[in-house]
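Q: I have a new structure open and want to get my bearings. Can we go through it in pieces?

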Amino acid sequence: MYFWKLDLLKKQLIAKGLTEAQSYSYMLVYAILSAIAIEMMAYVPHETVDGWTYFASIMNILIPAIGTMMAFKANGGASGTQFLPRYVSISLISSIRYLVLILLLMIPLTTAAIVSQGVVDIFESRVFDLLFQATYALLYLYIVKQMREVTTAQTDVEN
């Protein structure tokens, strides 16, 4: 795996491409670094940083990291095929559906917060954080399920 030498990576891609394990490694590192970058933006500037803030950040990094690992395994691991095309395409469609679900959940939560408290600060509460973490983990479990179904169906077709 290359972390800096793009010319060497390009030569490998031109000559023989990447193995499934190499593709997975690049996707896993990309997912982790993306999650870390997004979490770092949340701290600049951040009014209150406490244990809960750190917990939420750790979860926001671990969920996609572990989810990507589980998806790779569901795809057959190093002996699987088409990991990146499957993972990226399934994740995209699943994430679009996830966003719609989150938006649909926001409407009743916001309405309930306004009616009960007269404010809309529910999005800054720990309850909302836990709800988000739970739905975020469910998104990755859904992606893993879809990856497993594609892999199983392909194996059935081949046999």
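Q: Which residues do ring pairs link into a cluster?
A: Y24, F72, F83 and Y87 are the residues linked that way. Rings of Phe, Tyr and Trp (its six-membered ring) pair if their centres lie within 6.5 Å.

Q: Before going on, what sort of model is this?
A: It is a predicted model, where local features need pLDDT of at least 70 and side-chain atom pairs count only at pLDDT 80 or more, while totals for chains, interfaces and linings use all residues. Residues are numbered from 1 along each chain as its sequence is written, and side-chain values use heavy atoms, with hydrogens and water left out.

Q: OK, back to rings. How many aromatic pairs are there?
A: The count is eight. One of them is F83 with Y87, a stacked pair at 5.2 Å centre to centre with 20 degrees between the planes. Planes under 30 degrees apart count as stacked, over 60 as edge-to-face and the rest as tilted.

Q: Where do F83 and Y87 lie?
A: Both are in helix α4 (residues 83–117), four residues apart, or about one turn of the helix. Helices here are DSSP runs of H or I with at least four residues, numbered from the N terminus.

Q: New topic: which residues touch the most other members of the largest nonpolar core?
A: F83, Y87, Y140, I143 and M147 do, out of 21 residues in that core. A nonpolar core is a set of buried Ala, Val, Leu, Ile, Met, Phe, Trp, Tyr and Cys residues joined through side-chain atoms within 4.5 Å.

Q: Which helices supply it?
A: α2, α3 (51–74), α4 and α5 each supply at least two residues, and α5 gives the most, with seven.

Q: Which residues of α2 are buried?
A: Among them are Y24, M27 and L28, along with E20 and E39.

Note on methods
Buried means under 20% relative accessible area, exposed over 50%, partly exposed in between (1.4 Å probe, protein chains only).
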